[in-house]
Amino acid sequence: MDIKQLEAIEAKIATAKSEADRAKGSRDALLAQMEKDYGVKTIEEAEKLEADLTAQAQDLAAKVDESFAALQVAYAEAVG
């Protein structure tokens, strides 16, 4: 291995460190935003919140469908 190869490896290491630092900064910013917006501090908490909110949305959609069906029946009976 000569000096040029070592310098190339050193440059690649420096680039990788820089990219890792940027990724860590982005991750930290996203985690801070998640905590601010949704009160979660970890990805696991965010995934649980997503599952809970999805379940709530499905429940609400089912209730809307049931209410709409009941309203259709009531309207049909009223109009005749």
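Me: Which side chain does Arg 27 meet in a salt bridge?
Reply: Arg 27 meets the side chain of Asp 28, at 3.0 Å from N to O. A salt bridge here is a side-chain nitrogen of Lys or Arg within 4 Å of a carboxyl oxygen of Asp or Glu.

Me: Before we go on, what kind of model is this?
Reply: It's a predicted model, where local features need pLDDT of at least 70 and side-chain atom pairs count only at pLDDT 80 or more, while totals for chains, interfaces and linings use all residues. Residues are numbered from 1 along each chain as its sequence is written, and side-chain values use heavy atoms, with hydrogens and water left out.

Me: OK. How many salt bridges does the search of the whole structure find?
Reply: Three.

Me: What does Lys 24 form a salt bridge with?
Reply: Asp 28, with 3.0 Å between the closest N and O atoms. Lys 24 and Asp 28 are four residues apart in helix α1 (residues 3–38), so about one helical turn separates them. Helices (H or I, at least four residues) and strands (E, at least two) are DSSP runs, numbered from the N terminus.

Me: Are those side chains buried or exposed? Start with Asp 28.
Reply: Asp 28 is partly exposed, at 32% relative accessibility. Lys 24 has a relative accessible area of 45% and is partly exposed too, and Arg 27 counts as partly exposed at 45%. The cut-offs are under 20% relative accessible area for buried, over 50% for exposed, and partly exposed in between (1.4 Å probe, protein chains only).

Me: And Asp 52, what does that form a salt bridge with?
Reply: With Lys 48, where the closest N and O atoms are 3.0 Å apart. Asp 52 and Lys 48 sit four residues apart in helix α2, so they are separated by about one helical turn. Asp 52 is partly exposed at 34%, whereas Lys 48 is exposed at 52%.

Me: Which residues do shared partners join into one network?
Reply: Lys 24, Arg 27 and Asp 28, through their salt bridges.

Me: New topic. How many helices and strands does the chain have?
Reply: Two helices and zero strands. The radius of gyration is 27 Å, well over the 12 Å that the globule rule gives for 80 residues, so the chain is more spread out than a compact globule. That radius is taken over C-alpha atoms, and the rule is 2.2 Å times the number of residues to the power 0.38.

Me: What box do the C-alpha atoms fill?
Reply: Roughly 95 × 25 × 15 Å, taken along the principal axes. Of the 80 residues, 2% count as buried.

Me: What about the accessible surface?
Reply: The chain's total is about 7,000 Å², and 60% of that belongs to carbon and sulfur atoms. Areas come from the Shrake-Rupley method with a 1.4 Å probe; for residues, only the protein chains shown count as cover.

Me: Where is Gly 39 found?
Reply: In the loop between α1 and α2. Gly 39 is exposed at 54% relative accessibility. From Gly 39 to Ala 74 is 42 Å in space, C-alpha to C-alpha, and 35 residues in sequence.

Me: Which residues form the negative surface patch?
Reply: Glu 35, Glu 44, Glu 45, Glu 47 and Glu 50. Patch residues have over 30% relative accessible area and no salt bridge; like charges are joined within 9 Å, and nonpolar side chains (Val, Leu, Ile, Met, Phe, Trp, Tyr) within 5 Å.

Me: Which helix gives the most to the negative patch?
Reply: Helix α2 (residues 43–79), with four residues. Glu 44 is found in that helix and counts as exposed at 56%.

Me: Which residues make the nonpolar patch?
Reply: Met 1, Leu 6, Ile 9 and Ile 13, over about 410 Å². Leu 6 lies in helix α1 and is partly exposed at 44%.

Me: Last one: how far apart are the mean positions of the positive and negative charges?
Reply: 10 Å, for 10 positive and 17 negative charges. Lys and Arg count as positive and Asp and Glu as negative, with His and the chain ends not counted. Each charge is placed at NZ of Lys, CZ of Arg, CG of Asp or CD of Glu.
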